[in-house]
Amino acid sequence: FPLLVPEALGEPDEVYVHRNVDLPAATLVWRQGAGAPLSLTEIGVGQFAMKLVAEENVKSLRVNGRPAMWLAGPHTLQLLGNWQGDGLLITSNVLIWTAGDVTYRLEGDLTEEEMVTIVESLPPLDSMAPTPTD
């Protein structure tokens, strides 16, 4: 699948291709001075993980016409197929959405509005078009 780079961020400082997992994935990283990095992980499957969070930390919204989830603050990432293992504690905010058969995960210490602005700067793809509503 083609990797998307948000126009609002420009070229990433680092790109990691995840070769030690059974699915195609890459993470783009932007370093913002002394602050925490911002990362965009693109995974070549429509659903690869479940987020386990307190209900008040989760918000449904739409980005680029697609359903998305905003997760504020600490939460646990649990990979599918590894339900017996311990989850990974994520301490930053995360915006997650899918387009076609790709899951996108933007993570960093930005606000919801800042992350939505970044996502809206992604180049358009046919798979990013809004889904029909009932």
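**Fold, core and surface of the chain**

Along the sequence, the chain runs through the pattern β-β-β-β-β-β-β-β-β-β-α. The model is predicted.

The interior was examined next. The chain has 134 residues, of which 39% count as buried. The largest nonpolar core holds 21 residues. Within this core, Val63, Leu95, Trp97 and Leu106 touch the most other members. Two or more core residues come from each of several elements: β2 (25-30), β3 (38-43), β5 (58-63), β6 (66-71), β9 (93-99), β10 (102-108) and α1 (112-120). The largest contribution is that of α1, which gives four residues. In soluble globular proteins, nonpolar side chains tend to be buried together.

The surface was treated separately. The accessible surface of the chain is about 7,700 Å². Carbon and sulfur atoms account for 53% of this area. A nonpolar patch lies on the surface and is formed by Phe1, Leu3, Val15 and Val17. Together these four residues have about 340 Å² of accessible area. Phe1, one of the patch members, sits in the segment before β1 (14-17). Its relative accessible area is 42%. Phe1 is therefore classed as partly exposed, because this value falls between the 20% limit for buried and the 50% limit for exposed residues.

Methods: Residues numbered from 1 in each chain as written. Predicted model: local features only at pLDDT ≥ 70, side-chain atom pairs only at ≥ 80, totals over all residues. Heavy atoms only, no water. Patch = residues over 30% accessible without salt bridge, like charges linked within 9 Å, V, L, I, M, F, W, Y side chains within 5 Å. Areas by Shrake-Rupley, 256 points an atom, 1.4 Å probe, with all protein chains shown as cover. Salt bridge = Lys/Arg side-chain N within 4 Å of Asp/Glu carboxyl O. Buried < 20%, exposed > 50% of the residue type's maximum accessible area, 1.4 Å probe, protein only. Core = buried A, V, L, I, M, F, W, Y, C linked by side-chain atoms within 4.5 Å.
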